[in-house]
Amino acid sequence: MKPLALALFPALFVSCAAPPSGSTDPARVRPLLMGTWTSHRSEGSTAIYMEKTFHPDGTANGFIDIRSGTGNTSLLLPRVPFQSRWKFDAEGDLVTYDMRSEVIGFFEPGKSTHDRILRTQPDRIDFISGETGDRFSFHRKQPKRAPTSWSL
Amino acid sequence: MRLLLWLFLWVFAACSHTAISPLSDPQGNLVVLEVPKARPGKEPDSKVLEKVFSDLAKPFETRAWPLQHFQEFDLSSDHAEVLVAGPMGDLETLSGRSFVGILPLVALRSNQSAESTENALRSVAAEIHRQALRSGLRSVRVDDLKEEKKPKA
């Protein structure tokens, strides 16, 4: 009994240390994806915030806010509303394509993005960008919740 | 350039947060505002310019205006100020129409947090664009201007 208990002991700690993770199977992620998500990214002193709503018909819409600044001054670019389409490819990656905005020249015509889903939770999805290899997350937009602070 | 210098001095003189944004239309495109009764190559009438900026400022003349743009604002203890400034010059559209235009920069300074001020600025800038149209000013997208005639901030 003693050797078995010792063998199980580290296994228990490994499973406790691993964060809970939902399925990354597209068939299971698809219903989870429906609704509005937010994403924050920082590039130097520039912060990019996006809200995006996924619809069951494969369309999505939202807006992008770009902000730069330091200390007690910030410069905001006009909010960029956008529409796009989404699907899962054969490898289970989330593909975003047909990105359009009335802001002339904001999106490159014909461009698409492929993002691999790393982990899903009811209010969070973690991705790795197929283009850059950067990791980023979507957080489910909470209704009537005070916006989180911007971080530069 | 002088207007921009004044704007920066106003920004840094405060111990509050200041957020600045160029004016845009509801679709997010940067715009310039046409100065009425002005001719390219001639200095615009100062009274006309004064009227342009006073018309834009009309929605912000009441003491309670911040309540329309901030989620939370205490009129007895919070403060907020709006400033509209920007370079002016001779511009030309892609279709060949010449006019005198202003590239408005909207600045909002308040004692609230950066996030609160930035959120309010978007609302304020949208209101200024609507007010510009209500005042009869023409709004022209920067992308509709000839490249060499685009305003340089």
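Strand S4 of chain A, residues 73-76, pairs with S1(B) in the parallel sense, over 3 bridges. Ser74(A) has Ala19(B) as its bridge partner in S1(B). Some ground rules. Strands pair here if DSSP finds at least two bridges between them. Helices (H or I, at least four residues) and strands (E, at least two) are DSSP runs, numbered from the N terminus.

Now the housekeeping. Residues are numbered from 1 along each chain as its sequence is written, while chains are lettered from A and ligands numbered from 1 in the order in which they are written. This is a predicted model, so local features need pLDDT of at least 70 and side-chain atom pairs count only at pLDDT 80 or more, whereas totals for chains, interfaces and linings use all residues.

Back to the interface. Which chain gives 19 residues to the contact, and which gives 16? Chain B gives 19 and chain A gives 16. Contact means C-beta atoms, placed from the backbone, within 7 Å. On the chain B side, strand S1 (17-22) and helix H3 (114-134) are the elements that give two or more residues. S1(B) provides the largest share of that side, 6 residues. By type, the chain B side divides into 7 nonpolar, 8 polar and 4 charged. The classes are these: Ala, Val, Leu, Ile, Met, Phe, Trp, Tyr, Cys and Pro count as nonpolar; Asp, Glu, Lys and Arg as charged; the others, Gly among them, as polar.

Next, chain A. Strand S1 (residues 35-43) and strand S2 (residues 46-54) run antiparallel, joined by 9 bridges. Ser42(A) stands opposite Ala47(A) in S2(A). The hairpin of S1(A) and S2(A) has 2 residues between the strands, and Gly44(A) takes a positive phi there, near 65°. S1(A) also pairs with strand S9 of chain A, residues 135-140, antiparallel over 2 bridges. In S9(A), Arg140(A) is the bridge partner of Trp37(A).

Over to chain B. Its open sheet has 4 strands in the order S4-S5-S2-S7, with antiparallel pairing. Strand S4 (88-92) and strand S7 (139-141) are the edges, each pairing on one side only. Strand S2 of chain B, residues 31-34, joins S7(B) through 3 bridges. There, Val31(B) stands opposite Arg141(B).

Now the cores. A nonpolar core is a set of buried Ala, Val, Leu, Ile, Met, Phe, Trp, Tyr and Cys residues joined through C-beta atoms within 7 Å. Buried means 20 or more other C-beta atoms within 10 Å of the residue's own, these atoms being placed from the backbone. The largest core has 35 residues, and Val106(B), Leu108(B), Leu121(B), Val124(B) and Ile128(B) touch the most other members. H3(B) gives the largest share of this core, 6 residues. Leaving out residues up to four places away in sequence, Ile128(B) touches Leu23(B), Leu56(B), Val84(B) and Val106(B). Another core, of 10 residues, lies apart; Trp37(A), Leu94(A), Phe127(A) and Phe138(A) are among them.

Last, the helix. H3(B) has 21 residues and reaches 30 Å from its first C-alpha to its last, close to the 30 Å expected at 1.5 Å a residue. That expected span is 1.5 Å times one less than the number of residues. Its buried residues include Leu121(B), Val124(B), Ala125(B) and Ile128(B). Gly136(B) follows H3(B), with a positive phi near 90°.

Technical notes:
Two residues are in contact if their C-beta atoms, placed from the backbone, lie within 7 Å. A residue is buried if 20 or more other C-beta atoms lie within 10 Å of its own, exposed if 12 or fewer, and partly exposed in between; C-beta atoms are placed from the backbone.
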